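Welcome, and please take a moment to look over the sequence and the 3D view below.

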Amino acid sequence: AARPSPSPFSSAGVVVTGEIPECRVAAFCGLGQPRTFWRTLDELGISVAARLQFPDHHRYTQADLNDITRQAAGAEALVTTEKDWMNLPAGVVVPLKLYCLRIGIEIDNEAELLRHIS
């Protein structure tokens, strides 16, 4: 049997493309697998005072944001995922700075990958 040739793509990884909070935060998300978000925060060295989980695809209300702020004891800012950012109500008001952790993918040898798939 023929052996598959090694992949020309050495690796891919997740990178943060937006601003990373440098203060203590309260993190919240509505994801099916929130552990991934928590792990990313830990790997980035972000100091998390509280981790608040909502159901997957949660549509946030101002009341939710008020509750999140109340539970953010010791936090100087809030942080959430890009997916959750899109589910915040228009004109949301919170007393803390609100960060959206934007994630991208970085691929080694990206030109070679694009050549193979085009």
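A residue is called buried when its relative accessible area is under 20%, exposed when it is over 50%, and partly exposed in between, using a 1.4 Å probe and protein chains only. What you see is a predicted model, in which local features need pLDDT of at least 70 and side-chain atom pairs count only at pLDDT 80 or more, while totals for chains, interfaces and linings use all residues. Residues are numbered from 1 along each chain as its sequence is written, and side-chain values use heavy atoms, with hydrogens and water left out.

**The chain as a whole**

- The chain holds four helices and six strands, where helices (H or I, at least four residues) and strands (E, at least two) are DSSP runs numbered from the N terminus.
- Reading from the N terminus, the elements follow the order β-β-α-β-α-β-α-β-β-α.
- Of the 118 residues in the chain, 35% are buried.
- Contact here means heavy atoms within 4.5 Å. Among contacts between residues at least 6 apart in sequence, 68% join residues at least 24 apart.

**The sheet**

- In which order do the four strands of the open sheet lie? They are arranged as S3-S2-S4-S5, with parallel pairing.
- Two strands count as paired if DSSP finds at least two bridges between them. In general, strands of a sheet pair through backbone hydrogen bonds, either parallel or antiparallel.
- Strand S3 (48-53) and strand S5 (97-101) stand at the edges with a single partner strand each, so one side of each has no neighbour in the sheet.
- Neighbouring strands of this sheet are turned against each other by 25° on average, direction ignored. Axes are lines fitted to C-alpha atoms, for helices over the stretch in contact, and angles run from 0 to 180 degrees between N-to-C directions.

- S2 pairs with S3 in the parallel sense over five bridges, and Cys 29 has Gln 53 as its bridge partner in S3.
- S2 also pairs with S4, again in the parallel sense, over three bridges; here Ala 26 stands opposite Leu 78.
- Helix H1 (residues 34-43) lies across S2 (25-29), S3, S4 and S5, running at about 155° to S2.
- Together, S2, H1 and S3 make a right-handed β-α-β unit. Right-handed says that, with the strands pointing away from the viewer, the path from the first strand over the helix to the second runs clockwise.

**Strands S4 and S5**

- Strand S4 (residues 77-81) pairs with S5 in the parallel sense over five bridges.
- Across this pairing, Ala 77 stands opposite Lys 97, and Thr 80 stands opposite Cys 100.
- S5 is mostly covered, with four of its five residues buried.

**Cysteines**

- Cys 29 counts as buried because its relative accessibility is 0%, and Cys 100 counts as buried at 9%.
- How many disulfides does a search of the whole structure find? The result is zero, with a disulfide taken as a pair of cysteine sulfur atoms within 2.5 Å.

**Two loop residues**

- Pro 21 lies in the loop between strand S1 (12-16) and S2. Is Pro 21 buried or exposed? Its relative accessibility is 3%, so Pro 21 counts as buried.
- Leaving aside residues up to four places away in sequence, Pro 21 touches Ile 46, Val 79 and Tyr 99.
- The C-alpha atoms of Pro 21 and Leu 44 are separated by 9.7 Å, and these residues are 23 apart along the chain.
- His 57 is found in the loop between S3 and helix H2 (62-70), and at 54% relative accessibility His 57 counts as exposed.
- Phi of His 57 is near 65°, a positive value in a residue other than glycine. Most residues other than glycine have a negative phi.
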